[in-house]
Amino acid sequence: MLLVFVQFVVLCGLTLVYLGKRATTPLPAQVVNINTATAGELAQALSVSRATGQALVGEREARRGHQWNAVYDLKRSPALKDQETSGIDNRFVARTPGDVAWGFWGGVAVFVLAFFLAHGLLRKAAPTADPFLLPLVALLSGLGLMLVYSVKDPYRDTFAFMGQVWGVAGYGLLALVVPLTRPFGRLTLRRYQYAYAATAVLLMALLTLFGRGPGGVHIQLFGLEPVEFIKLLLVFFVAAYLAERRGLHDPTRRLPPMRDFLPLALIYAFALSLFVVVKDLGPAVLLFGAFLALLYLTTQRAIYPVVGAALLLLAAVIGYKLHFGFFATRVTMWLSPWDNTDKNGAQLAQGLWGMATGGLGGSGLGLGAPEAMPRAGSDLIFASLGEQLGLVGTLGALIVYVLLLARGLRIALKAGTEFDRLLAAGLTTLLALQTMIIVGGVTGLVPLTGMTLPFVSFGASSLVANFFTVGVLLSLSGKTMPAMAADRATPEWVRAARVVALGCAVYLLVGVGVFRLMDVQGVRDIFLASRPLKTPDSDQLVKGRLAPGETLRPHINPRLLAYAAAIPRGRILDRNGVVLAQDAAEAPPAPNSGGAGEE
């Protein structure tokens with residue numbers, strides 16, 4: 001019944017975002033579909049030769065699916081390299097309203113049916129599994145569909161909505177079902193601890209050698225993002241290793257035996273050093289945090305998170321001083337989001353603009369201007385949520401993530417073996433820390449990272465990894481354990497788990513929710529939405545007239561500029577009634593022979 005209610009809410013939201021996007025993306029009476037137009041029609045619309053039009057058709061037919069994904073693909077065509085293409089966007093579409101409607105509602109049907117199918121398989125494979133995880137994930141995934149659809153022009157841009165649908169309903173839910181199958185259930189997962197570590201290190205080595213990404217950051221390997229799977233492999237390794245090393249559990253020892261702790265530290269340090277090589281510190285911070293949480297849960301010693309936090313702070317300072325990857329830019333934005341000299345230093349302030357403009361109630365699904373933010377469907381998707389659903393939506397999303405954390409740690413506490421308990425706690429902590437890092441970065445509580453918001457952000461690799469995580473948690477929660485299992489959680493373990501849960505919940509609800517979101521979207525929303533942003537222009541040159549003492553041109557929130565442009569300005573007349581200025585759409589009025597001019 002909870003899944004039915006969630007799906008009803010998601011359907012309402014998807015309907016609103018579809019209607020809102022249709023209202024804010026009007027089409028002129030005469031448009032040309034770049035995927036159905038003939039060579040002559042393209043040549044006439046672009047004012048080019050027939051031969052150029054024929055070349056464009058040939059290029060279109062040579063593409064995958066024999067069509068362009070977006071008008072931008074047409075503009076990048078080699079056949080138009082000498083043509084002016086900056087003004088063609090409004091005269092061309094990549095798909096018709098009928099195509100959009102068919103694709104959208106077909107995707108919605110696939111999404112809804114896939115979750116009900118997954119629910120049926122779950123009830124059959126693990127009838128005693130946690131009943132709340134799947135509905136919570138369905139709610140977050142549906143929210144992600146709404147936001148991904150809202151940040152793109154459905155007629156002219158890439159139709160990323162269908163990619164997200166298949167990422168959730170295809171790859172994601174398939175990954176969720178895998179841990180529930182009988183072959184997976186027969187595996188003794190704790191036996192393969194070094195296989196997990198070796199596979200993770202191998203993937204990192206391949207990513208280091210062959211990975212690609214912007215700015216020299218190695219992110220993608222053969223179309224995938226291996227980092228998402230490396231995180232899971234290392235959590236599996238740490239859980240299996242800690243479960244077998246009883247010396248680490250001895251509360252009478254001040255320090256763990258080096259023979260137990262040293263191999264764990266060396267393997268983990270090596271994996272983290274490879275993250276340094278590929279210049280992506282976000283996953284390294286995430287993994288290190290999950291590692292510290294598992295050590296704390298195993299040993300109940302606060303010294304591990306304290307020393308770990310100090311080491312992370314030291315690494316952050318060193319990375320900033322050495323201008324490591326994008327980290328220096330992210331710290332510069334965090335320290336001075338509204339006035340900095342970094343050419344890429346506008347991202348945080350642009351996200352704050354969006355959330356502040358949304359305010360308490362938001363602009364509405366499909367409304368607003370989330371496309372004005374860079375990476376509005378991935379890195380800054382939480383800011384897109386804040387703009388469209390306001391403070392109510394952002395706080396609601398944080399509450400859902402806290403509920404996921406609570407259910408995951410509850411599964412850990414009820415597990416009958418130490419390995420299952422550590423695995424459930426590690427995977428849950430991984431999801432929680434990833435959420436904490438990304439929402440903290442978007443709101444300015446901590447520096448931004450390039451990670452995705454679990455279940456919401458666009459990206460197939462992250463969706464597969466996150467859904468597999470939930471599938472493992474469901475599998476662990478569905479195990480039938482003896483009433484008096486020998487490895488039940490000790491009172492010390494229970495207290496440590498409550499500390500971890502309380503710390504994450506306080507960070508999300510108080511740190512992010514109260515101190516940042518209520519300030520940005522409730523207290524200072526008008527001030528922040530209208531605050532100018534001073535960063536270098538894309539060509540690194542100062543443009544326009546600057547006030548005395550200023551070195552950077554101030555940029556204005558594009559939403560406010562759009563509001564201002566929509567305000568009727570009236571007319572300005574001279575003393576003889578001659579119109580000096582008027583709205584462009586207004587017809588010239590008859591001269592007024594009155595004396596004084598009017599405004």
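Guide: By class, nine residues in the lining of the largest cavity are nonpolar, two are polar and none is charged. Here Ala, Val, Leu, Ile, Met, Phe, Trp, Tyr, Cys and Pro count as nonpolar, Asp, Glu, Lys and Arg as charged, and the others, Gly among them, as polar. The model is predicted: local features need pLDDT of at least 70, side-chain atom pairs count only at pLDDT 80 or more, and totals for chains, interfaces and linings use all residues. Residues are numbered from 1 along each chain as its sequence is written, and side-chain values use heavy atoms, with hydrogens and water left out.

A cavity is a set of points, on a 1 Å grid over the protein atoms alone, where a 1.4 Å probe fits but cannot get out; a pocket is an open set with protein on both sides within 12 Å along at least five of seven lines; lining residues have an atom within 4 Å of a point. Grid points are joined across faces, edges and corners, and a volume is the space filled by probe spheres set on the points.

The structure holds three cavities of 30 Å³ or more. The largest cavity has a volume of about 100 Å³, and its lining includes L133, Y401, T428 and V470. Helix 16 (381–414), helix 17 (418–443) and helix 18 (460–477) are the elements that each give two or more residues to this lining; helices are DSSP runs (H or I, at least four residues), numbered from the N terminus. Helix 17 gives the most, with four residues.

The second largest cavity has about 60 Å³ of space. Among the residues that line it are E228, K231, L431 and N466. Helix 10 (227–244), helix 17 and helix 18 each give two or more residues to that lining, and helix 17 again gives the most, with four. By class, this lining has five nonpolar, three polar and two charged residues.

Helix 18 is mostly covered, as 16 of its 18 residues are buried, that is, under 20% relative accessible area with a 1.4 Å probe and protein chains only. At 1.5 Å a residue, its 18 residues should span 26 Å, and the end C-alpha atoms are 26 Å apart, which agrees. The expected span is 1.5 Å times one less than the number of residues.

Finally, the second largest pocket holds about 400 Å³ of space. Of its 23 lining residues, V9, L139, L143, G396 and V400 are the closest to its centre.

Terms used. Buried < 20%, exposed > 50% of the residue type's maximum accessible area, 1.4 Å probe, protein only.
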